[in-house]
Amino acid sequence: MGVVVDWILDFLYSLAVLSIGWLPDSPFQTDSFRKTLSGFSDLMSYINYFVPVGQMLTITAAYVAAILIWYGVRWILRFVRYID
């Protein structure tokens, strides 16, 4: 039984090494990625002119943080049995 498990683990390890060997060192160093990023940057600059995406993300992050703090404090108080 142990031989079979060792064989399966060795096979999975060699499969992982083979699949990792096919990947590039860094996906961000290819020319196609830079061209895509340049086009995306231009598109986002046009969108950001009309819709303030950065401010929307900041407000959303603050809102989610406030909700998480509220639920955290509520959970702690329930744990200590101060509220039902």
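Are Trp-75 and Phe-79 buried or exposed in this predicted model? Both residues are exposed (over 50% relative accessible area, with buried being under 20% and partly exposed in between; 1.4 Å probe, protein chains only).

**View 1. Overall fold of the protein chain.** The protein chain holds three helices and zero strands, in the order α-α-α from the N terminus. Helices (H or I, at least four residues) and strands (E, at least two) are DSSP runs, numbered from the N terminus. Buried residues account for 0% of the 84 residues.

View 2. Helix α3 (residues 53-80) has 28 residues and spans 41 Å from first to last C-alpha, close to the 40 Å expected (1.5 Å times one less than the number of residues). Trp-75 and Phe-79 lie four residues apart in helix α3, about one turn. Their ring centres are 5.7 Å apart and their planes at 15°, so the pair is stacked. Rings of Phe, Tyr and Trp (its six-membered ring) pair if their centres lie within 6.5 Å; planes under 30 degrees apart are stacked, over 60 edge-to-face and the rest tilted. Just after α3, Arg-81 adopts a positive phi of about 70°.

**View 3. The pair of Tyr-49 and Phe-50.** By the ring rule, there are three aromatic pairs. One of them, Tyr-49 with Phe-50, is edge-to-face, at 5.0 Å centre to centre and 90° between the planes. Both Tyr-49 and Phe-50 are exposed.

**View 4. Leu-15 in helix α1.** Leu-15 belongs to helix α1 (residues 2-22). Leu-15 is partly exposed, at 43% relative accessible area.

Residues are numbered from 1 along each chain as its sequence is written. In this predicted model, local features need pLDDT of at least 70 and side-chain atom pairs count only at pLDDT 80 or more, while totals for chains, interfaces and linings use all residues, and side-chain values use heavy atoms, with hydrogens and water left out.
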